Structure formats: structure tokens, C-alpha cells
Amino acid sequence: MKNVSLLILTLLIAFNYGCDEELVYDAIEEANPVIESFEPTSGSYGDEITIKGDHLGSANMIYFGDSLATIKYRISNNEVVAKLEKGSVSGYITVSNTVGSVSSASEFTVVYAVPTIADFTDQQVLPNSVFKIEGDNLEVVYDVYFGSSKANIVEKTDDFFLVEVPFFEEDEEPANVSLSYNNNGILEQVQSIGKISLYRILPSFSVIPNQGVTGSEIVFEGENLTLIDEMLFNGQSASFTVNDDGTELVVILGEDLFSVSASEVTVKASYFGGTQEEMLSESFEVVVPTVNYYSGIKLNSGC
């Protein structure tokens, strides 16, 4: 019983002391922001910068130089944390809210990471095939080029890219792989030591039909037809299939492509990811079957 009484007494004392303390909230005041300090004083893409001062809890925009940063945390009215984005440039830090804005007394220095490409041996690849690029600081890269042709980035991490090899002209062969990145607001490039050449295997057509009926199939013949990405009739993509050895391409001339018969229809074949097109015909004829209805005709049953 004595133990129970002691416990109750302890709880009452703790409660009384607790009631004497007031909960203090860091109220957000709407006033012109003030920057007193920031740390660190330099950083690179992805770094978080702590800014201290007054009236910072209501910040709605933060700039480093003339580049917008991401506000990560509004910790209090006296402290806010911003994240450097890709493309950030050195300069004064500016904090804005609905009342006004203020710039820091000193400049922040952006340290620009330079991407590197891991060495690879000279290779020959097919256009539109997937190529892996490894290296360091790849998170700062904007674009990837093979020669002067921009590649499509399929997958991107901090230490490798998967890209679709673009078609580039033969006079650029063998081509370096180049990565573009930001250097204090200026796009610069680094190049690979290894070089890339293309297997210049092209599709060729030996039989090109000159007419087709909607709802039916038309057959093209040739070589390497598996490289074809699209068959275009007046710019509209038609469904098609290709046999395994790439010698026969069958187009399904869908009824949705043409509602009326038409002549002088252009037919193009697109390949290498749409970077190359070949005109197959400028006078293909599309026939749309019609059904005629006659009224007032009596059929003789023969009875």
C-alpha cells in the first residue's frame, strides 16, 4: 500500500511541474527574410545547404545565383535547408517570401563535378541497339551523343547509362561518345577514348506493290526487312509483320487508314529508330470497296 501511495505522489508532483511549463511554438512571422549565415559555403549538385537568419520559415523560393534551388526543409523561422539542383551556378543566395526577398552578403560557390567515361574498346554496333556507358559523376550529365547525333537515354543511374545508339553519318566514323554537362552555366562535353562504328546493314526492297484494298494484306519483298520500324502510308503508320529471315514484309491495310479510295499515296519505310526513312512509292493506289444499294427492285423467286 505504501508503494502505491508513493507512486501516486510522484505522478502528482510530475503533473504539477509539467503544468507549470508552457509549450513554446516557433511561430512563422510574415516579414522580410534575413540571411545571417549559410553553410557549407560551397557545394555541388545534390548537396543540401543550411541557411540561417530570420523570417525564413515562410520562404517560398531560394536561388543560388540565378538558378532555382529546391526547399528541402523549413526547420524553423530562423533556419531553412535548400538542395542544389542540376544547372546551379555560383552567386549570391536569394531567399524570397510573400513579403519580399533578401540576398546573402557573400557568394556561394558551386563546385562543378566533371563526368568521366570508363574506357571501352572500339566497337561496332547496330543502330538503335542498346549500349551501356559506365563512368563517374554521371548524375550531372544532360545528354549523350555519338558523333553529332543525340542518343535516347533508356536508363540512367549515378554510375552507368543505357542508351539507344543513334544513326550517324558514315563520314563521322569511328565516332566518340560524348557527355554534355553544366560548367558554371555553360554546357561542355567530355569524350570517350573508345570509338563506335556502325554495322551499316540497310533494308532493301525488291518487290513493291502499287495497289492495295483496305482490309486486305499487301506483300513487300526484299532483304533485311526485320530492321523496319514503321510502314507509313501518307504519314500514317500501318500494322505489319516480317518473316524470320527478313525477306517478306506483310502490311495489313487497315480500314481505319483510308475512308475513301485514293491514288498518289506515299509509302515510306522508317528504320533505325525513326532516324532514317526511304520513299518506296509516291503513287500507291488505295482501293476502298463500296456497296451500292438499289431501291424498287423486285427479285424473281422463280415461282
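In what order do the four strands of the open sheet stand, and is their pairing parallel or antiparallel? The order is E1-E3-E7-E6, and the pairing is antiparallel, where strands are DSSP runs of E with at least two residues, numbered from the N terminus, and two strands pair if DSSP finds at least two bridges between them. E1 and strand E6 (70-76) stand at the edges with a single partner strand each, so one side of each is left without a neighbour in the sheet. From one strand to the next the twist averages 25°, with axes taken as lines fitted to C-alpha atoms and angles running from 0 to 180 degrees between N-to-C directions. Within this sheet, E3 and strand E7 (residues 79-83) pair in the antiparallel sense over five bridges, and glutamate 48 stands opposite lysine 83 in E7.

The model is predicted, so that local features need pLDDT of at least 70 and side-chain atom pairs count only at pLDDT 80 or more, whereas totals for chains, interfaces and linings use all residues. Residues are numbered from 1 along each chain as its sequence is written, and side-chain values use heavy atoms, with hydrogens and water left out.

|---|---|---|
| glutamate 39 and proline 40 | about -5° | between strand E1 (34-39) and strand E2 (42-43) |
| glutamate 173 and proline 174 | about -15° | between strand E16 (160-164) and strand E17 (175-183) |

Positive phi values also occur in loops. Histidine 55, although it is not a glycine, has a positive phi of about 55°, and its place is the loop between strand E3 (48-54) and strand E4 (61-64). At 13% relative accessibility histidine 55 counts as buried, a term that means under 20% relative accessible area, with exposed over 50% and partly exposed in between (1.4 Å probe, protein chains only). Asparagine 128, likewise a residue other than glycine, has a positive phi near 75° and lies in the loop between strand E11 (123-125) and strand E12 (130-136); with a relative accessible area of 30%, asparagine 128 is partly exposed.

Leucine 227 belongs to the loop between strand E21 (217-223) and strand E22 (228-233), and its relative accessible area of 22% makes it partly exposed. When residues up to four places away in sequence are not counted, leucine 227 touches Ile201, Leu202, Pro203, Tyr271 and Phe272, a contact being heavy atoms within 4.5 Å. Proline 203 is 24 residues apart from leucine 227 along the chain, and their C-alpha atoms are separated by 6.4 Å.
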